[in-house]
Amino acid sequence: MTKDVFLTGITTTGTPHIGNYVGAIRPGIEASRDPAKENFYFLADFHALAKAEDPDRINRSTLEIAAAWMALGLDTDNAVFYRQSDIPEIPQLTWILTSMTAKGLMNRAHSYKAVVQANEDSGSKDPDKGINMALYSYPILMAADILMFRSTKVPVGRDQKQHVEMTRDIAQRFNHHYGNLLTIPESVIDDNTAVLPGLDGRKMSKSYDNTIPLFADEKRLRKLIMKIKTNSQEPGEPKDPDGSMLFQIYQAFATTEESAEIAKKYADGIAWGEMKQLLFEYINEQIKPAREEYLRLMDDPSIVEAELLRGAEKARKISVPYLNEIRHAVGIRTLR
Ligand code: TRP
């Protein structure tokens with residue numbers, strides 16, 4: 001049996017928040033240390049472009065996300081850590097796959113359909129309003145990311161599962177046409193990773209603007225935690241940890257034993273203010289060492305840049321010869 005190849009892509013929009021941390025960064029970093037796994041992690045900056053982000057924000061977000069993963073201990077010796085746009089073979093493969101992708105398949109993408117639906121709901125005359133071709137064919141670029149490194153396992157959130165299925169469809173069609181050159185991947189969805197509520201109670205997400213940035217300074221972190229919604233129960237009143245956002249967040253950071261202790265404090269009627277202070281101190285302690293390293297890297301982006309270029313070099317040892325094989329298979333060859 002050959003080793004499984006895991007591949008994780010992170011779109012470079014926004015600043016890492018504690019929801020990203022417990023949902024993706026923490027499990028991803030743990031996996032990066034496992035010598036039994038071959039691991040690829042990359043910053044999907046071409047995907048960010050599809051969202052027509054402001055150039056400075058894309059650049060800033062790329063630095064923030066890379067610095068965050070590095071500061072938290074991503075094992076960049078055991079894993080390959082790179083930036084998508086440093087691998088010119090990926091856009092080439094994207095075009096080759098585009099020629100193997102049925103337009104009808106893209107019509108079915110949830111991500112695209114959601115925007116069409118929103119346009120229709122808002123009574124717009126143009127169902128494709130605000131939709132560029134990159135948003136429409138986003139799954140093909142993602143397929144190229146995955147197939148370029150012969151990934152077998154792709155850890156994703158539920159919202160990305162369909163994209164991995166599309167990757168399989170595209171790869172199968174390619175293989176049928178040109179011979180078995182591409183590895184068929186599968187998605188890995190971890191139902192145990194925590195989904196954190198944001199400040200307003202909805203899922204913590206950049207798009208709801210309800211996040212707690214992972215490396216907010218102490219003052220800001222404290223202030224944001226103080227803003228988390230609670231009910232109007234008085235100090236001394238026994239409280240139910242189920243349905244308490246403060247408890248959910250605490251749980252995502254703590255061990256089972258620690259959470260059980262806090263549940264007891266709830267039963268004993270801990271005041272919300274006290275619980276907020278306790279949560280702040282707990283998270284702050286955990287984040288502090290990484291925050292210092294993060295600030296050091298943010299202060300000297302050349303360290304991050306060098307690490308990404310080193311990763312790109314490792315990645316291209318694979319992508320350059322592999323793309324050559326693929327090009328040859330489709331008839332893009334030296335003339336003779
Ligand atoms: N589309 C993914 C997201 O928004 C990010 C991504 C891009 C990705 N390319 C990928 C994830 C390849 C896994 C594999 O979350």
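Trainee: What distance separates the centres of domain 1 and domain 2, taken over C-alpha atoms?

Mentor: This is a predicted model. Its domain assignment gives domain 1 as 4-195 + 302-330 and domain 2 as 215-296. Taken over C-alpha atoms, the separation of the two centres is 33 Å.

Trainee: How many residues does each domain bring to the contact?

Mentor: Start with the area buried between domain 1 and domain 2, about 920 Å². Carbon and sulfur atoms give 71% of that area. Domain 1 brings twelve residues to the contact, and domain 2 brings nine.

Trainee: How many salt bridges does the rule find across the interface of domain 1 and domain 2?

Mentor: The search of the whole structure finds 15 salt bridges. For the interface of domain 1 and domain 2, the number is zero.

Trainee: Which parts does the salt bridge of R150 and E325 tie together?

Mentor: The two side chains meet at 3.9 Å, N to O. That is within the 4 Å cut-off for a salt bridge. R150 lies in the loop between α7 and β4 (153-155) and E325 in helix α13 (residues 301-330), so the pair ties together parts 175 residues apart in sequence.

Trainee: Which element gives the largest share of the lining of the second largest pocket?

Mentor: This pocket has a volume of about 260 Å³. The elements giving two or more residues to its lining are α2 (45-50), α4 (89-98) and α7 (133-148). The largest share is five residues, and it comes from α7.

Trainee: Which residues lie nearest the centre of the second largest pocket?

Mentor: By class, the lining has nine nonpolar, four polar and no charged residues. The pocket is lined by 13 residues. Nearest its centre lie T94, A134, S137, Y138 and L141.

Key: Residues are numbered from 1 along each chain as its sequence is written. This is a predicted model: local features need pLDDT of at least 70, side-chain atom pairs count only at pLDDT 80 or more; totals for chains, interfaces and linings use all residues. Side-chain values use heavy atoms; hydrogens and water are left out. On a 1 Å grid over the protein atoms alone, a cavity is a set of points where a 1.4 Å probe fits but cannot get out, and a pocket is an open set with protein on both sides within 12 Å along at least five of seven lines; lining residues have an atom within 4 Å of a point. Grid points are joined across faces, edges and corners, and a volume is the space filled by probe spheres set on the points. Helices (H or I, at least four residues) and strands (E, at least two) are DSSP runs, numbered from the N terminus. Ala, Val, Leu, Ile, Met, Phe, Trp, Tyr, Cys and Pro count as nonpolar, Asp, Glu, Lys and Arg as charged, and the others, Gly among them, as polar. Domain bounds come from an automatic or database domain assignment. Contact means heavy atoms within 4.5 Å. Buried area is the accessible area (1.4 Å probe) that two parts lose on being put together, summed over both.
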